[in-house]
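Please read these notes with the sequence and the model open side by side. The points are numbered so that each can be checked on its own.

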Amino acid sequence: MQQFISEKGLVVPIDRSNIDTDQIIPKQYLKSIKRTGFGVNLFDDWRYLDPGEPGMDHSARRINPDFVLNDSKFNGATLLMARDNFGCGSSREHAPWALVEYGFRAVIAESYADIFYNNSFKNGLLPVVLAAKELEYLFDKSLGDLPLELMVDLPSQTVKGPDGFETRFEIDSFRKTCLLDGLDEIGLSLAEADGIRAYENTQRQRTPWLF
Amino acid sequence: MSGRTLYDKLWDSHLVSQRDDGSALIYIDRHLLHEVTSPQAFEGLSLAGRKPWRLDANLATVDHNVPTTNQAAGVAAISDPVSRLQISTLDDNCDELGITQFKMADLRAGIVHVIGPEQGATLPGMTVVCGDSHTATHGAFGALAHGIGTSEVEHVLATQCLVTKKMKNMLVTVTGPLGLGVTAKDVILSIIGQIGTAGGTGHAIEFAGEGIQSLSMEGRMTVCNMAIEAGAPVGLIAVDQTTIDYVEGRPFAPKNEDWLRAVEVWADLASDSKAVFDTVITIDGGLIEPQVTWGTNPEMVTGIKGAVPNPAGIVDPIQRGSIERALNYMGLKGGQSIESIQLDRVFIGSCTNSRIEDLRAAAKVVEGKRVSDSLIQAIVVPGSGLVKAQAEKEGLDQIFRAAGFEWRDPGCSMCLAMNADKLGRGEHCASTSNRNFEGRQGAGGRSHLVSPAMAAAAAIAGHFVDVREWI
Ligand code: SF4
């Protein structure tokens, strides 16, 4: 998996709760058999005014000027901020693929749906959980003419911002190590192959109908 | 010593190793695959030079993309080249590796969460995963089942295990009996309305109580299917005689000596009386009315006699904003009665409500009546080839057709509109599916989630009606 250590970047604030994976990447793009090509369709329904289909020239589509991602002051942003229950709905890993390909390295939100949270780590995308009042403060700060810049640091588990803003976030140690080292999880599990075989042998006695 | 929950028992019996960092390696008994979330996993596996750990634990089907008309013409006849390639890619991957697959137009093919239980490929006490969030469905059998991402599909193919962390335990008790005309769909929508779309995040929810136990297996699957819409990756129901009767004799179910041993082992698949849950909720099943969603996520729901909320009366600005946005998207007015919502299309199908019992319930309502002229379309999409065949044997297709419904081939269809079945911009749909997100059933489409009987009655009336007044 892709490594993540720290990221200093501009923050795109999407002030919504319950942003579901159907919004992050709409279903018509899930027909692809590849892992790439989703960035241009991130938040497709909000980002463009005309309907999109796979294979079309997306650069020729009409841009929705009211959607925050299209505001040129956020060009080059690498951090995305939202409210609670980010990534709810479908299990599609295309959602983190699209976010990463667009250029996001971390998401900051009050909470995440479980499957999205899990999928993010597999793709080097760090989902940071902050408290509602910290987000309130950061959303407030992001309303100014200049975009908000934050520093997300995984080793120290901190988010730092302007005016001395600094806070710590929680993350479990397994996921932290995997991201810091960019570990191959499958390789790691296969190192336990003997244990898996031993488990299978025991279960074959106990519940033979499962084998 | 305190007792263990059903989830604790399933977890303990599948634990391969507990790692120091809090993660665990869990063994997977059944891995279900479909065309959308698997191609990148197969590709990753082959790029790394790895082989599937255990072929016979995998079962694949095509469902999300398939057309629901003329499947008999075969994959080559699918008009959308991107869909065609995705479907043929799964066919090729399964053929090459030797994974059992029900190909399009095979009588056994259909929506992955319908065919698993139908084949007995989902059994009590199993761990079941699939690259699809509605894998929670299989928990109705007392199996530990949840959705996974594509990287995890590759991980399961390669290792037959999943790296995961134990969730918390939640108990939702629905007291009984349920009112006449109130179905499993109404129960789960009502639960989501009460606990919210994130109410179960981080939890395995066990559903219990008379309101749940009185349900058939089809109804229990409907309830567990939507656990994920309450944020819980896992929904569970204890095994009882209803479960065992359903499983017996199915193609993948144990036979003879094995069957007797299995039934004995399965008797323990219930939470101990002293089990401790992290969160406990009790819902009065007798108070549940037929439910209709009015907004853009499943917690935006109310009873058929209710009304769309008025954002003006909401104090919390974030909540008010999200209701205003939802009403704007849905083209509804605050305070408007649910019964006054006019419909353009009706969809009966999806892994939530496309089993034989769902179709029977809908057919019973429409028998001898006509779909309202104000509707553009009303379609019924059975969950599998076998459901379709059974319905035709019972003459349900004739009832639907005579009433003006289209009778289709099986698949996910208008649940997520990856094929040709979709809503047009601004159209309202009474749908028996599970997600009313913006654009879910077609860009700009407006979905209202209901039970099959409610969808059927709405198709006849052209707007929502209380199906209890029709029975
Ligand atoms: S029917 Fe709908 S929810 Fe179910 S698996 Fe298919 S697309 Fe997903």
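1. Asn41(A) lies in the loop that runs between helix 1 (21-24) and helix 2 (44-47) of chain A. Helices (H or I, at least four residues) and strands (E, at least two) are DSSP runs, numbered from the N terminus. The model is predicted: local features need pLDDT of at least 70, side-chain atom pairs count only at pLDDT 80 or more, and totals for chains, interfaces and linings use all residues. Residues are numbered from 1 along each chain as its sequence is written, chains are lettered from A and ligands numbered from 1 in the order in which they are written, and side-chain values use heavy atoms, with hydrogens and water left out.

2. Is Asn41(A) buried or exposed? Its relative accessible area is 3%, so Asn41(A) is buried. Here buried means under 20% relative accessible area, exposed over 50%, and partly exposed in between (1.4 Å probe, protein chains only). Not counting residues up to four places away in sequence, Asn41(A) touches Ile24(A), Ile25(A), Pro26(A), Tyr29(A), Arg47(A), His58(A) and Arg61(A). A contact means heavy atoms within 4.5 Å. With one of these residues, Tyr29(A), the side chain of Asn41(A) makes a polar contact of 3.4 Å. A polar contact is a pair of N or O atoms within 3.5 Å; within protein, one must be able to donate a hydrogen and the other to accept it, and residues adjacent in sequence count only if both atoms are side-chain atoms.

3. Phe43(A) is in the loop between helix 1 and helix 2 of chain A. Its phi is near 50°, a positive value in a residue other than glycine. Phe43(A) is buried, with a relative accessible area of 0%. Asn85(A) also has a positive phi, near 60°, and is not a glycine. Asn85(A) sits in the loop between strand 2 (79-81) and helix 3 (94-102) of chain A, and at 1% relative accessibility it counts as buried. As background, most residues other than glycine have a negative phi, and most peptide bonds are trans.

4. The peptide bond between Gly176(B) and Pro177(B) is cis, with omega about -5°. Where is Pro177(B)? It is in the loop between strand 9 (168-175) and helix 6 (184-195) of chain B.

5. For chain A as a whole, the secondary structure comes to eight helices and seven strands. Its C-alpha atoms fill a box of roughly 65 × 45 × 25 Å along the principal axes. Of its 211 residues, 55% count as buried. Among contacts in chain A with a separation of 6 or more, 64% come from residues 24 or more positions apart.

6. In chain B, strand 3 (residues 30-33) and strand 4 run parallel and are joined by three bridges. Two strands pair if DSSP finds at least two bridges between them. His31(B) stands opposite Asn58(B) in strand 4. In a regular strand the side chains alternate between the two faces of the sheet. In strand 4 (residues 58-61), Asn58(B) and Ala60(B) point one way, Leu59(B) and Thr61(B) point the other way, and all are buried.

7. Chain B also has an open sheet of five strands in the order 17-16-15-18-19, with parallel pairing. Its edge strands, strand 17 (406-407) and strand 19 (446-449), each pair on one side only. Strand 15 (residues 345-348) and strand 18 (residues 428-431) pair in the parallel sense over three bridges, and Phe347(B) stands opposite Ser431(B) in strand 18.

8. The contact between the chains takes 72 residues from chain B and 57 residues from chain A. About 5,400 Å² is buried between them, and carbon and sulfur atoms give 55% of that area. Buried area is the accessible area (1.4 Å probe) that two parts lose on being put together, summed over both.

9. Eight salt bridges are counted between chain B and chain A. A salt bridge is a side-chain nitrogen of Lys or Arg within 4 Å of a carboxyl oxygen of Asp or Glu. One of them joins Arg440(B) and Asp22(A), whose closest N and O atoms are 3.1 Å apart.
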